Amino acid sequence: MTITATRSRRLLAGAGAFALLLTGCVPLDSPAEPEQTATAQEGRGFAGDPAYSRFYEQELQWEECERSALCAAVEVPLDYADPEGETLEIQIISSDTGGPDAPHLLINPGGPGVSGYDSVAEDLRYFFTPELLENHDVVGFDPRGVHRSAPVECLTDEEMDENRERVAEADDEFDDEAAVEEAREDAQWLGEQCLENTGDVLEHVDTVSAARDMDVIRAALGEEQLHYLGFSYGTHLGIAYAEEHPASVGRFVLDGMMDTSLSDHELSMDQAVGFEAALQGYAEWCAAQDSCPVDGEPEDVVDAVAGLFEEVSEEPREGPDGRTISVSVLVSGFIQPLYFSGGWPMLNEALGAAILEDDLSSFQDWADLAAGREPDGSYGWKSQLAFRAIMCLDHPVSEDLESIEAEYDETVEAAPTFGPYLGHSGIACSEWPFEAVGEPGEPQLDDVEEILFIGTTGDPATPVHWAEDMHQMVESSSLLVYDGEGHLAYRPGNTCVTDIVDSYLLTGELFEGRQEC
């Protein structure tokens, strides 16, 4: 089985170039578990098992931090199959905004790899309404492997640049087997670097383990039930928690719902189709503007974007600082303003500069932003590395080239503009130091009384049909569908969503079935 060198580059480069996926499959087949007591088997996870009492009975040592917030560390087992073994600390932060008797609301902003700590420390009033903050202490945390909580560490800043440049400068001079072998060697090298610099925790950053940490956090906060607001990948984490600890599920809101029954390929393809639809929405808007850099109809705008991608694929550009702007960099940057319709005017300007002046610097800047690269060349929290570590543990992938090519062809047919450039995780994860522990499957939430799913009709990253399909699978769920553009629906100012969510989180009152706004 062979594939052309150009397709080799496109198939393999995307897996290392940028992290587009924000969701994953719930690992229903988790690592080997210790024997549990009857109490644990009745839906309280590990809370009733004496072997875990030191974790569940710990008292938090709060300290003032981040101006007006409170911070603490929660000790958890490295491996839940070995509660007497090594431990690690999960860093949490509380907004301390709701008053002395306010309930805690745990949040996760997505990823995997995004810091919930930072969401509370830096973006509190951007993410959450005044009403929610006045009535809750919002608690953010960095899941295991993320930022402050035993982080996945792989590369230095210089090595990050070199790795991105290596992908960017991949050319078509290799024959088919050489291109594939080089990709496998690069993936193996990255996995080895991550294992060497991260240590044993790299094997235990799967989503089920993170969900088990959430229950220890619940107990440490003194809550009988966990109230939770999860976004994008955070919905995956919420589903995993609800399956593991159904009796401890409080008021749960999952926005930007993912479908846990889909395979890695199905999730990736649906996202490619979602961004194809977002491009069409932008093209329709652009064609109606005097400032649109492309004359004609919406299809002319789409054709111009596809043509730009192909040109840069064949002849990468040099950026202002001398780094290569490859098609993977261009596509990564192009996708960022598609997440929200508010980014369309910026995209108009950047596309005009690219078409009329051959200036792709804005797309390079956006790609750097997505990768965590600062203007001085340093990298902040390298969330893409944690992304790969978590995704490779959570998702079994196709590893043979015949399957990979078939999945690639299906994606390109479904999403002709973005499909050729979004890569495939098969080879990247096939060379990871540890096997996947997850499998896709329908959520098992029969013992959960109620849970709120939210989907947005124009969401490119978590398509609305994922929320609709999950609603059909989970009898106790209510579904709120927001008719709008962009990724996620709960945000200050979007009152038709926030009024419903805030009321539910405050009072526990929730509509049944499906509702639209």
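Me: What share of the contacts in the protein chain with a separation of 6 or more comes from residues 24 or more positions apart?

Reply: Such residues account for 77% of those contacts in the protein chain. Please note that this is a predicted model.

Me: How many helices and strands does the chain have, and what percentage of its residues count as buried?

Reply: The secondary structure comprises 20 helices and 12 strands. The chain has 517 residues, of which 59% count as buried.

Me: Is threonine 207 buried or exposed, and with which side chain does its own side chain make a polar contact?

Reply: A residue counts as buried when its relative accessible area is under 20%. Threonine 207 has 0% relative accessibility and therefore counts as buried. It belongs to helix H9, residues 207-220. Its side chain makes a polar contact of 2.6 Å with the side chain of tyrosine 233.

Me: What can be read from a residue that is partly exposed, such as arginine 166?

Reply: Partly exposed describes the range between buried, under 20%, and exposed, over 50%. Arginine 166 counts as partly exposed because its relative accessibility is 30%. This arginine lies in helix H7, residues 157-168. Leaving aside neighbours within four places in sequence, arginine 166 is in contact with Asp186 and Trp189. Aspartate 186 is 20 residues from arginine 166 along the chain, and their C-alpha atoms are separated by 9.3 Å.

Me: How do strands S10 and S11 run relative to each other, parallel or antiparallel?

Reply: Strand S10, residues 451-458, and S11 run parallel and are joined by 7 bridges. Threonine 456 stands opposite tyrosine 482 in S11. Strand S11, residues 477-485, is mostly covered, since 7 of its 9 residues are buried.

Me: Which residues does a cis peptide bond join, and where is proline 112 found?

Reply: The cis bond joins glycine 111 and proline 112, with omega about 0 degrees. Proline 112 is found in the loop between strand S4 (104-108) and helix H4 (116-122).

Me: What is the phi of arginine 67, and what is that of alanine 150?

Reply: Arginine 67 has a positive phi of about 75 degrees, although it is not a glycine. Arginine 67 is found in the loop between strand S1 (63-65) and strand S2 (69-77). At 72% relative accessibility, arginine 67 counts as exposed. Alanine 150 is likewise not a glycine, and its phi is positive at about 45 degrees. Alanine 150 has its place in the loop between strand S5 (137-141) and H7. With a relative accessible area of 26%, alanine 150 is partly exposed.

Conventions:
Residues numbered from 1 in each chain as written. Predicted model: local features only at pLDDT ≥ 70, side-chain atom pairs only at ≥ 80, totals over all residues. Heavy atoms only, no water. Helix = DSSP H or I, 4+ residues; strand = E, 2+ residues; numbered from the N terminus. Buried < 20%, exposed > 50% of the residue type's maximum accessible area, 1.4 Å probe, protein only. Polar contact = N/O pair within 3.5 Å; in protein donor to acceptor, adjacent residues only side chain to side chain. Contact = heavy atoms within 4.5 Å. Pairing = 2+ DSSP bridges.
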